[in-house]
Amino acid sequence: MEQWEYHPSYDGVPQGSGISPILSNIYLSELDNFMANYKERFEVRPETRRRVSLVYGKASRELNRHKNEGAAIWNTLDENERQARAKRLKTMQAEKRRIYPSIVHDETYKRIQYVRYADDFIIGVIGSREDALQVKADVKRFLAERLKLTLSEEKTKITHTGDRARFLGYDITVSREQSTRKKKNGVRQRCHSYVVKLLVAREKWVGKLLEYKAIKIVRTNDGQERFKSLHRPRKS
């Protein structure tokens, strides 16, 4: 059933039917098992964290040394010297926050994450582009040889985490935002750096608002779009 029109079919699963995701889950459970085994073979140092970069480690040590030295001689300093040390401390903290703490391209640290819903799936890879290409090739081969399915080259794309990958109507990306926020203990921390974000595509929510007749889009004299809210008419 597509757009309320019935089309007889002798292969695949019935589109638009409630049984469609059930049949997909039954058949593609083989892919789930394949990816579980593939994950074990692919990952490197699976129970450890990323290694700290040398630059970040050096900045941390220098900052701690400055703090400890200041605490030891604080009572012996005059007001100008205290202000100078405090200013230097803030500068060092700002410099440290500008450095990403982990080694970005670390061949000794690899991860893979696989998520599937019915016949749609997404695979997240921490590794090189060559690793992502290899994963795609291996999955394509398994689907063709074991399940007799063809992986769509048009729909199956390799997307950098700095861009957006569309999955189930959402855009998935990894934030590079370096803004900081002060925690309860007074320490400033980057809270959005390399955090996975799930975003609603603009055309999706705008389309829904237009469909529900909640807004209309008007253009200003300079050609820019403006949203204008619409009220619901009173029911008679």
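Lys and Arg count here as positive and Asp and Glu as negative, while His and the chain ends are not counted. The place of a charge is NZ of Lys, CZ of Arg, CG of Asp or CD of Glu. This is a predicted model, in which local features need pLDDT of at least 70, side-chain atom pairs count only at pLDDT 80 or more, and totals for chains, interfaces and linings use all residues. Residues are numbered from 1 along each chain as its sequence is written, and side-chain values use heavy atoms, leaving out hydrogens and water.

**View 1. Charges of the protein chain.** Look for 50 positive and 31 negative side chains. The centres of these two sets lie 8 Å apart.

**View 2. Helices and strands.** The protein chain holds 5 helices and 9 strands, taken as DSSP runs (helices H or I, at least four residues; strands E, at least two) and numbered from the N terminus. Starting at the N terminus, their order is α-α-α-β-β-α-β-β-β-β-β-α-β-β.

**View 3. Val139 in helix H4.** Helix H4 covers residues 129-145 and includes Val139. Val139 is buried, at a relative accessible area of 2%; buried means under 20%, exposed over 50% and partly exposed in between, with a 1.4 Å probe and protein chains only. Across the whole protein chain, buried residues make up 21% of the 236.

**View 4. Neighbours of Val139.** Setting aside residues up to four places away in sequence, Val139 touches Leu31, Phe34, Met35, Phe121 and Ile123, where contact means heavy atoms within 4.5 Å. Tyr38 is 101 residues from Val139 along the chain, yet their C-alpha atoms are separated by 9.5 Å.
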